[in-house]
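Dear colleague,

Please keep it open beside you as you read.

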Amino acid sequence: MFTTRQLEFHVTHTCNFTCEGCSHYSNHGHSGTISVKDATEWLYNWSRRVKPKHFVILGGEPTLHKDLVDMVYMVRMMYPDPYTKIDLVSNASFLHNHPNLPEALKATNTTLAISIHSIKDPNYGKRFKRGYNLAKEWRHSRGVRVEFWDFTNKHWIPQYTGYGAMMAPYEDNDPQQSWNHCVSKHALQLHENKLWKCPALAYLPMQAKKYKLSEKWSPYLKYKPLDIDCTDEELKEFLSREHESYCSMCPAKKLDPIIKQDPTLPVSYWEQKYDHMGDIIE
Ligand code: SF4
């Protein structure tokens, strides 16, 4: 059994917001939900080989998954040792659709981490308020451990430029520096029953399937995740990797955080903004 700092798992790739520069590309209107049956098989396999200090259930927006409560129980069943802290990261939008979630979170000692994506935008504020209030109620009246994570701040660093088909890698050709500045460097992903270095690499093939990405992405689309059939030696080597050539796609310089526009803007807005007419529309 190997330990690792963090393992993240998308229960759905769908998100109701379009936060600019999302490192999981969840702002690009993806779809696809992982069944509890598939997730159970993947976790059963990997939990016998890798024990993370933090296991993070996220997406996309995980409260869009109809079986989220079952998923929470299943994850703790696979990682019963309290060594593994489980976080459920949600933008709070659909907490109200899961009345049994507070009980599941308490029973599994899972933290509900509410991501806050804007403090200024009124459209976002209107949509966020209901879930925000419910999360506070769960904390105060139901005894759920709730944290509020400020994703309006320094953690929202751009990892690519543009959007959709116009998305481009940085290619600063200094993978060591890119990795040094990377906010996702410990965010290992469990995706399609394989381990991936980070969200930027794990969900890039989804981007390529949806959009005709430029040739600049070809080297990064060649990334090979780790299969469950790997040897212990291969797993050990994978977990110890720091910068790799693939890190060239991310910025080598320390960039300022993105000041996000309204996270409720539709995907079509962003696609139009970055197509060849973008300057005129702007
Ligand atoms: S490719 Fe490297 S630098 Fe880029 S997000 Fe992944 S780990 Fe970070």
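The secondary structure of the protein comes to eleven helices and eight strands, where helices (H or I, at least four residues) and strands (E, at least two) are DSSP runs numbered from the N terminus. Please bear in mind that this is a predicted model, in which local features need pLDDT of at least 70 and side-chain atom pairs count only at pLDDT 80 or more, while totals for chains, interfaces and linings use all residues. Residues are numbered from 1 along each chain as its sequence is written.

Of the 282 residues, 37% count as buried, a word used here for a residue with 20 or more other C-beta atoms, placed from the backbone, within 10 Å of its own.

Leaving aside neighbours within four places in sequence, Leu201 is in contact (C-beta atoms within 7 Å) with Trp196, Tyr220, Tyr223 and Tyr246.

Around the ligand there are 14 residues, of which Cys182, Cys198, Ala200, Cys247 and Cys250 come nearest; a residue is counted as near if its C-beta atom lies within 6 Å of the molecule. Helices α5 (175-181) and α6 (199-202) each supply at least two residues of this shell.

Terms used
Buried ≥ 20, exposed ≤ 12 C-beta atoms within 10 Å, placed from the backbone. Contact = placed C-beta atoms within 7 Å.
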